[in-house]
Amino acid sequence: MEEAGERAGETISLWERTATKFRSAPLSENLTADVCVVGAGIAGVTTAYLLTREDRHVILVDDGPVGGGMTGRTTAHLVSALDDRYYEIEKILGEEGARLCAYSHTAAIDCIEAIVTEEKIECDFERLAGYLFLPSGGSVTELRRELDAAVRAGLGVERVDRVPIGKFDTKGVLRFPRQAQFHPLKYLNALSGAIIESGGHIFTGTRVVKIKDGNRTSIETSDGHTITARAAVVATNCPINDLLAIHSKQAPYVTYVIGLRVTCELEHALFWDTAQTAENEKQVLGPVPYHYVRFARVNCGRGRSQKRSGGRFRATFLKIGALGAPALSDAGRDYRSLVRTGDGAG
Ligand SMILES: Cc1cc2nc3c(=O)[nH]c(=O)nc-3n(C[C@H](O)[C@H](O)[C@H](O)COP(=O)(O)OP(=O)(O)OC[C@H]3O[C@@H](n4cnc5c(N)ncnc54)[C@H](O)[C@@H]3O)c2cc1C
């Protein structure tokens, strides 16, 4: 059963199986701080950690444990290859905007790597290449457009002949160098410890119900306590301080993740396809945004995102399992993870 604040699904992710989540006592008095960060996923924990390094007094609160939201249920690819596609981003934000997107994602991976090194965090952080490939019926033109746009955005992307998986053939592949992966809960646990060591405070099981702006910001909790701060950072993934602007644009998605044991030697890499535009896949499976694969030391995850209103989850798991088998032969299904998301994230 889900605990308070663990709002993301009935199943257990690989990360939740292989690490405990950081918990502390809930807030039980009124407090003051330089900055109050609401939400202890990767956004909130990173913000709180970086602020404590700048000698700010930080209070971080979450209504669940640390990492109990989406972060503990992602497949933890750290990428500058964006599933929105650079040629689409160029259309909306222009070439300079696309360059900024590439730069910011590259900088975010570099930042995590630097923190992992500096804090000596054992979180299976690994630099590796990512491969964007065409599924059956995928468009080579689309891949070429993405290559050109990604290069314009400043990424060292190149077209290669094949993905490094045995007999798996596809009509086109782009290779994105210097992507990364890690264990998100191990990483967040270590960062939480570092925040506390630097004088910050973390209160889990503490639900924020109101944030009032002003000279001093006041952050009110459901237990009737108030944190007064010079600034508040809302890092709740789905905003709690603006109930109309974002919520009215959000649609419910479900992402399915399946773990398979791989018994052959394979290069650790990240893999994504372009199934959202592949006609053959749509005919066989219905609307399919995309599939993605990564390897982990204890297991591997394969997921797909899909916009749905409910039901038929078991059937979808079976279809995804069947998809995994040809590419990763000798594989057995080890775990499943079903995640409700508001953003269709990958
Ligand atoms: C299956 C799946 C796979 C994904 N894979 C990737 C991936 O490989 N790479 C990637 O970059 N992204 C991926 N994503 C997207 C991912 O969700 C985000 O990148 C990232 O984890 C979001 O982090 P966050 O800190 O913003 O939110 P969250 O991790 O959701 O954290 C928000 C926190 O706010 C807390 N909170 C909410 N409301 C309140 C309140 N009122 N009071 C107190 N606390 C509150 C929640 O309890 C939660 O802990 C994936 C998503 C899913 C679902």
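Modeller: **Helix α2 and its surroundings**

The crossing of α2 and α5 is left-handed, meaning that the near helix is turned anticlockwise from the far one by less than a right angle. Helix α2 covers residues 42–53 and helix α5 residues 184–197; they pack at about 30°, with axes 9 Å apart. Axes are lines fitted to C-alpha atoms, for helices over the stretch in contact, and angles run from 0 to 180 degrees between N-to-C directions. Contact means heavy atoms within 4.5 Å. On the α2 side, the contact is made by Ile42, Val45, Thr46, Ala48, Tyr49 and Thr52, and α5 brings Tyr187, Leu188, Leu191, Ser192, Ala194 and Ile195. By class this gives 9 nonpolar, 3 polar and no charged residues; Ala, Val, Leu, Ile, Met, Phe, Trp, Tyr, Cys and Pro count as nonpolar, Asp, Glu, Lys and Arg as charged, and the others, Gly among them, as polar.

The model is predicted: local features need pLDDT of at least 70, side-chain atom pairs count only at pLDDT 80 or more, and totals for chains, interfaces and linings use all residues. Numbering starts from 1 along each chain as its sequence is written, and side-chain values use heavy atoms, leaving out hydrogens and water.

Helix α2 also lies across β1, β2 (58–61) and β10, at about 170° to β2. Helices (H or I, at least four residues) and strands (E, at least two) are DSSP runs, numbered from the N terminus. These strands belong to an open sheet of 6 strands with mixed pairing, in the order β7-β2-β1-β10-β9-β8. Strands pair if DSSP finds at least two bridges between them. Strands β1 (residues 31–38) and β10 (residues 226–234) run parallel, joined by 7 bridges; Val37 has Val233 of β10 as its bridge partner.
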